[in-house]
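Please look over the model with the notes below beside it.

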Amino acid sequence: MLFKQQAWLRQKLLVLGSLAVGSLLYLVARVGSLDRLQPICPIEGRFGGTRSQAEFPLRALQFKRGLLHEFRKGNASKEQVRLHDLVQQLPKAIIIGVRKGGTRALLEMLNLHPAVVKASQEIHFFDNDENYAKGIEWYRKKMPFSYPQQITIEKSPAYFITEEVPERIYKMNSSIKLLIIVREPTTRAISDYTQVLEGKERKNKTYYKFEKLAIDPNTCEVNTKYKAVRTSIYTKHLERWLKYFPIEQFHVVDGDRLITEPLPELQLVEKFLNLPPRISQYNLYFNATRGFYCLRFNIIFNKCLAGSKGRIHPEVDPSVITKLRKFFHPFNQKFYQITGRTLNWP
Ligand code: A3P
């Protein structure tokens with residue numbers, strides 16, 4: 001009898017224990033999905049902007065982000081949105097390019113910061129005449145919900161090379177912060193080519209070899225009419241931007257270093273955006289299968305970028321690479337001189 005009772009008690013305790021562990025795991029997952037579980041430290045830095053923003057504790061922002069997450073999942077009502085002051089804000093910073101520089105990785109990694117909210121899609125407001133004609137309210141409505149103390153960031157890499165964009169952004173906000181992520185120009189051009197090539201192959205179309213596009217067969221010189229080459233002449237594009245914005249409003253991110261050593265690059269961006277340092281080594285881990293750093297939000301949730309990021313490049317004739325590097329060299333020197341950031345490009 002006593003033995004039977006003991007067994008019954010043990011069974012009951014086991015059930016209760018499992019329930020407790022289950023609830024704990026659920027709670028961790030829940031909190032995890034709302035926000036990342038990283039140590040919350042006292043504010044060391046300040047947001048740029050108004051006094052109330054500066055005084056807003058990040059701890060509160062981290063918790064409030066939970067509701068934001070719920071709203072995005074469709075679990076929060078309009079009333080909750082109103083009650084919690086959720087707003088769609090125009091971006092305080094834009095990643096203007098460069099295409100294939102690592103713009104997606106940069107945006108996703110910055111979004112690890114509790115005070116940053118990303119616009120997931122490329123909005124193409126300033127470079128697309130049809131979208132631009134829809135007006136600034138259309139653009140604002142495309143922005144994600146955020147708390148007033150957070151900053152919204154969007155990325156549309158075509159902005160960097162499109163003629164009309166600097167003036168249009170200036171008209172929206174002349175003191176906006178502009179992020180440019182660049183890679184060694186020849187590598188970037190090959191990455192650009194690889195993306196187009198993949199698109200052609202998907203449609204069962206044939207395409208020229210990179211060498212044929214990058215080098216003019218008549219002159220044997222670099223073909224500056226080829227878009228992938230032109231985009232990599234960073235200084236030419238930047239000069240157009242400088243007619244509207246002082247250089248202090250730009251920050252250059254080293255896209256090659258963001259691949260191999262993302263944290264120091266992200267810390268420089270945090271500083272540029274006047275954000276307290278919150279992205280840590282904990283948020284980034286190297287995934288050997290992907291060959292890239294991936295993002296860790298908390299003990300449960302992590303993600304790598306899509307497979308379309310980090311394609312295998314085709315092999316390119318070394319003499320063409322040398323020719324291109326020689327061609328880009330003087331433009332690179334000018335770019336370093338203007339931006340004050342020297343990169344280790346050949
Ligand atoms: P490749 O596909 O040539 O390797 P963008 O987002 O501007 O299109 O840039 C794509 C590039 O981001 C990729 O180019 C890849 O090298 C780079 N990148 C940087 N960090 C990455 C990361 N953590 N995961 C995947 N790709 C990353």
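1. An N or O atom in the side chain of Lys 309 lies 2.9 Å from an oxygen atom of the ligand, a polar contact in the sense of a pair of N or O atoms within 3.5 Å. The side chain of Arg 183 likewise has an N or O atom 3.0 Å from a ligand oxygen atom, whereas at Arg 104 a backbone N or O atom is what lies 3.0 Å from an oxygen atom of the ligand. Of the 570 Å² of accessible area that the ligand has on its own, the protein covers 97%, with areas taken from the Shrake-Rupley method with a 1.4 Å probe.

2. The model is a predicted one, in which local features need pLDDT of at least 70 and side-chain atom pairs count only at pLDDT 80 or more, while totals for chains, interfaces and linings use all residues. Residues are numbered from 1 along each chain as its sequence is written, and side-chain values use heavy atoms, with hydrogens and water left out.

3. The shell around the ligand holds 17 residues, of which Lys 100, Thr 103, Ser 191, Tyr 293 and His 313 come nearest; a residue belongs here if one of its heavy atoms lies within 4 Å of the molecule. By class there are six nonpolar, six polar and five charged residues in this shell. The helix α5 (103-110) and the strand β9 (292-296) are the elements that give two or more residues to it, and α5 gives the most, with four. Helices (H or I, at least four residues) and strands (E, at least two) are DSSP runs, numbered from the N terminus.

4. The ligand sits in the largest pocket, meaning that more than half of its atoms lie within 2 Å of the grid points of that pocket. About 720 Å³ of space lies in this pocket, and its lining has 35 residues, among which Lys 100, Gly 101, Gly 102, Thr 103 and Lys 309 lie nearest its centre. A pocket is an open set of points on a 1 Å grid over the protein atoms alone, with protein on both sides within 12 Å along at least five of seven lines, and lining residues have an atom within 4 Å of a point.

5. Two backbone details deserve a look. The peptide bond from Gly 97 to Val 98 is cis, with omega near 10°, and Val 98 is placed in the loop between β2 (93-97) and α5.

Terms used: A polar contact is a pair of N or O atoms within 3.5 Å; within protein, one must be able to donate a hydrogen and the other to accept it, and residues adjacent in sequence count only if both atoms are side-chain atoms. On a 1 Å grid over the protein atoms alone, a cavity is a set of points where a 1.4 Å probe fits but cannot get out, and a pocket is an open set with protein on both sides within 12 Å along at least five of seven lines; lining residues have an atom within 4 Å of a point. Ala, Val, Leu, Ile, Met, Phe, Trp, Tyr, Cys and Pro count as nonpolar, Asp, Glu, Lys and Arg as charged, and the others, Gly among them, as polar. Grid points are joined across faces, edges and corners, and a volume is the space filled by probe spheres set on the points.
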